[in-house]
Amino acid sequence: KTIQWFPGHMAKARREATEKINLVDIVIELVDARLPESSRNPIINEIIGNKPRIIVLNKMDMADGAITDYWLNYYQSKGIRAMAIDAQHNKGLKQLQTQCREIMQPYFDKKMAQGVKPRAIRLIILGIPNVGKSTLINRFVGKNQAQTGNKPGVTKAQRWLKFEKDFELLDTPGILWPKFEDPQVGLKLAASGAIKDQLLAIDEITLYVLDFMKQYYPQRLLERYQLTASDLDDQSTTDLFIQMTAKFGYQDDYEQMGQRILHDFRQLNLGRVSLDRPNEEASHA
Ligand code: G4P
């Protein structure tokens with residue numbers, strides 16, 4: 001499912017996204033609530049023009065709720081519409097539809113005054129791979145209608161998927177590439193599972209996750225792996241990783257231990273975690 005992004009693909013993805021944006025009333029920019037800034041592609045700001053846009057923080061069930069609230073306030077303070085949903089479990093989707101209707105209401109009111117009946121609201125879902133675009137399309141229109149596994153570069157006729165009587169959704173999401181340039185962002189994307197593990201070494205991602213958990217959620221590490229405070233405080237993260245690998249019987253197989261930690265992290269066995277934290281926005285701007 002991971003896409004190899006080359007400059008030609010990026011140019012094409014950008015062109016396709018721009019063309020699709022021109023067809024709709026509202027852009028739903030889908031990001032991962034755990035890393036709302038790192039899972040955005042800033043290119044969207046260049047191609048979106050004046051089109052209304054809602055930044056939708058998906059997978060809110062996996063993110064730290066307090067930090068999700070921070071980000072929602074942050075976007076609001078910048079005059080950007082934002083909301084959090086959990087497409088997987090159908091949370092927040094009605095509110096998202098309500099927001100879209102509110103955005104269009106002034107336009108439809110004006111049209112009504114001219115004697116023109118409101119038409120369906122046209123939407124596109126746009127975002128980097130793995131933020132849940134296909135899942136959201138499926139939730140909106142139902143499994144049988146939506147198509148998944150779209151890749152950039154596979155051109156086909158645009159189809160509109162109708163739902164809720166007053167919406168039409170482009171059947172293929174707009175796909176933009178993730179921000180690879182910043183190594184921190186790359187690590188966050190890898191830790192969240194957004195980019196495949198082959199791109200970065202498992203132990204590198206694991207050390208990042210351990211380091212992050214040590215810093216922000218140490219208690220969860222202690223509990224999950226029956227560690228002591230001094231295991232965390234009195235040695236480097238690398239030594240902690242080595243200690244854990246031995247402790248859980250993996251001998252020198254760091255890859256296995258790493259997989260286990262990443263699995264725990266991604267399956268919420270270490271709790272809900274947000275990787276983009278307050279006051280980090282400047283580094284991703
Ligand atoms: P994409 O089209 O943007 O590429 O993303 P897609 O819908 O395929 O979703 C990527 C993964 O994220 C899927 O997991 C999907 O079930 C999960 N997902 C989507 N929305 C939510 C959400 O709101 N909450 C949670 N917890 N998960 C969500 P998957 O099929 O298991 O794929 P993977 O684990 O192999 O990446």
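Trainee: What makes Arg-14 and Glu-46 a salt bridge?

Mentor: Good place to start, and keep in mind that this is a predicted model. The closest N and O atoms of Arg-14 and Glu-46 are 3.1 Å apart. The cut-off is 4 Å between a side-chain nitrogen of Lys or Arg and a carboxyl oxygen of Asp or Glu, so the pair is called a salt bridge. In general, side chains of opposite charge can pair when their charged atoms come close.

Trainee: How do you know that the pair links distant parts of the chain?

Mentor: Look at where the partners sit: Arg-14 belongs to helix α1 (residues 7-23) and Glu-46 to helix α2 (residues 43-47), 32 residues apart. In total the structure holds 13 salt bridges.

Trainee: Why is the contact between Lys-94 and Glu-164 called polar?

Mentor: Their side chains come to 3.0 Å. The limit for a pair of N or O atoms, one able to donate a hydrogen and the other to accept it, is 3.5 Å, so this pair meets the rule. Lys-94 itself lies in helix α4 (residues 93-113). Its C-alpha atom is separated by 9.5 Å from that of Phe-140, a residue 46 positions away along the chain.

Trainee: Which domains does the assignment give?

Mentor: It gives domain 1 (7-175) and domain 2 (183-284), with 31 Å between their centres.

Trainee: How do you know that domain 1 and domain 2 are in contact?

Mentor: With heavy atoms within 4.5 Å as the test, 21 residues of domain 1 meet 19 residues of domain 2, so the two are in contact. The area buried between them is about 1700 Å², and carbon and sulfur atoms give 53% of that. Helix α3 (residues 65-77) supplies the largest share of the domain 1 side, five residues. By class, that side has 12 nonpolar, four polar and five charged residues.

Trainee: How many salt bridges and polar contacts join domain 1 and domain 2?

Mentor: The salt bridge count is zero, whereas 13 residue pairs across the interface are in polar contact.

Conventions. Residues are numbered from 1 along each chain as its sequence is written. This is a predicted model: local features need pLDDT of at least 70, side-chain atom pairs count only at pLDDT 80 or more; totals for chains, interfaces and linings use all residues. Side-chain values use heavy atoms; hydrogens and water are left out. Domain bounds come from an automatic or database domain assignment. Buried area is the accessible area (1.4 Å probe) that two parts lose on being put together, summed over both. Helices (H or I, at least four residues) and strands (E, at least two) are DSSP runs, numbered from the N terminus. Ala, Val, Leu, Ile, Met, Phe, Trp, Tyr, Cys and Pro count as nonpolar, Asp, Glu, Lys and Arg as charged, and the others, Gly among them, as polar.
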